[in-house]
Amino acid sequence: MSMQYRTPQRLGRPLSVIGQGCWQIGADWGEVSDDSARAVLDAALEAGVTFFDTADVYGDGRSENLVGAMRERVAADGPRPLFLATKASRRADPFAPESFTEENLRAWVERSRANLGMDTLDLVQLHCPPPAIYRDDRVFDVLDALVEEKKLAAWGVSVETCEEALISLEREHLASIQIILNPFRLKPLDEVLPTAQEQGVAIIARVPLASGLLTGKFSPDTRFAENDHRRFNRHGEAFDQGETFSGVDFATGLSAVARLEQALDGAMTLPEASLRWILGRPGVTAAIPGASSGDQARSNAAAGSAPTPEQAAILERFDRAVHETYEELLRAEIHPRW
Ligand SMILES: NC(=O)c1ccc[n+]([C@@H]2O[C@H](COP(=O)([O-])OP(=O)(O)OC[C@H]3O[C@@H](n4cnc5c(N)ncnc54)[C@H](OP(=O)(O)O)[C@@H]3O)[C@@H](O)[C@H]2O)c1
């Protein structure tokens with residue numbers, strides 16, 4: 001049962017198919033202590049995860065600093081091919097295209113290089129910029145220049161919508177697209193993945209467990225802490241609504257979860273099925289579940305092994321249930337927006 005690795009052409013480096021999402025070890029998910037954060041990173045490493053996804057704004061540098069410290073611990077033990085992706089562009093007003101000056105872009109990248117302790121960052125993703133930025137050549141010229149200067153090895157985009165992904169795919173130096181893709185978000189399957197695959201652009205599937213809904217552990221009585229976005233961003237009060245439960249209304253999400261669990265009938269857990277299902281979609285490079293404990297990270301990483309024939313048969317049945325559930329409960333709400 002070992003982790004699989006994929007090497008998308010435009011990155012030219014292997015990534016573990018389960019990457020560790022590192023938002024939780026920054027902020028916005030209730031209290032995650034430094035010890036729990038380190039436990040998440042250590043459990044992921046032990047399970048063969050080499051790909052970590054962070055951002056400069058997660059805890060205003062806390063997540064990057066923890067990942068940077070992990071990188072140093074790993075380097076002290078000898079060479080190991082880690083792939084550390086970060087994101088830039090939300091430190092100034094993230095809704096204002098005027099924030100995207102060369103000066104700001106360079107300053108953000110410098111800060112990430114310092115936080116992560118790397119001369120050349122593996123991957124910098126624009127962090128859900130305003131729609132106008134996707135057509136702004138100036139911004140991408142700066143990213144290209146930073147690659148030439150070896151401050152980054154590659155750049156990508158983290159997008160909200162399929163349309164933004166398609167516009168980005170017109171740029172020949174685009175290396176990766178991070179997009180919400182999970183059993184509640186099917187639109188990228190037809191709209192984005194085929195072109196990305198054809199062009200060798202990495203697809204990084206974020207929010208793979210719909211902020212935890214797809215673990216099946218929530219009920220109508222579940223309460224979230226005040227500093228947890230699942231409480232304060234349900235209607236997009238702080239950032240795009242789609243980042244919280246994938247934009248699915250909580251009660252509808254619980255009904256969809258019940259259907260998917262019924263289809264699985266105990267043959268596989270819902271989080272494992274969700275992660276394995278994502279990894280089985282053609283064109284997907286990796287899924288990046290977040291975790292608030294080492295146990296969660298360990299169990300998510302276990303879904304990165306190649307499926308056995310029995311598991312493949314379960315996943316085929318699950319795929320049918322995913323599509324039926326999407327059509328009946330989710331499409332009307334989700335498809336027009338994301
Ligand atoms: N705009 C962007 O670019 C953007 C936006 C969102 C996310 N991301 C990236 O994508 C990553 C993943 O997305 P996400 O963290 O928002 O959502 P997610 O991975 O769908 O959900 C993470 C949450 O699910 C629960 N969970 C995870 N594994 C579990 C397990 N094995 N058993 C039980 N519960 C489990 C935990 O909830 P509890 O904490 O309640 O236990 C965890 O905090 C982030 O960490 C971040 O790196 C990027």
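I count a salt bridge when a side-chain nitrogen of Lys or Arg lies within 4 Å of a carboxyl oxygen of Asp or Glu. The model I am reading is predicted.

**Entry 1: salt bridges**

By this rule I get 23 salt bridges. I looked up Glu243 and Arg206 and found a salt bridge with the closest N and O atoms 2.7 Å apart. Glu243 sits in the loop between helices H8 and H9, Arg206 in strand S9, 37 residues apart. How exposed or buried is Glu243? Glu243 is buried, at 9% relative accessible area. Arg206 is also buried, at 5%. I then noted one network of salt bridges with shared partners, made up of Glu102, Arg106, Glu110, Arg113, Glu149 and Lys151.

Next I checked Arg13 and Asp122, whose side chains meet at 3.2 Å, N to O. They link distant parts of the chain, 109 residues apart. Arg13 is partly exposed at 28%, whereas Asp122 is buried at 8%.

Arg91 and Asp60 came last, at 2.6 Å, N to O.

**Entry 2: strand S5**

Why is S5 largely enclosed by the rest of the structure? I find six of its six residues, 83-88, buried. Phe83, Ala85 and Lys87 point one way, and Leu84, Thr86 and Ala88 the other.

I traced the neighbours too. S4 pairs with S5 in the parallel sense over three bridges. From S4 the chain crosses through H2 to S5, right-handed. S6 runs parallel to S5, joined by four bridges. The crossover from S5 through H3 to S6 is right-handed.

Methods. Residues are numbered from 1 along each chain as its sequence is written. This is a predicted model: local features need pLDDT of at least 70, side-chain atom pairs count only at pLDDT 80 or more; totals for chains, interfaces and linings use all residues. Side-chain values use heavy atoms; hydrogens and water are left out. Buried means under 20% relative accessible area, exposed over 50%, partly exposed in between (1.4 Å probe, protein chains only). Helices (H or I, at least four residues) and strands (E, at least two) are DSSP runs, numbered from the N terminus. Two strands pair if DSSP finds at least two bridges between them. A crossover is right-handed if, with the strands pointing away from the viewer, the path from the first strand over the helix to the second runs clockwise.
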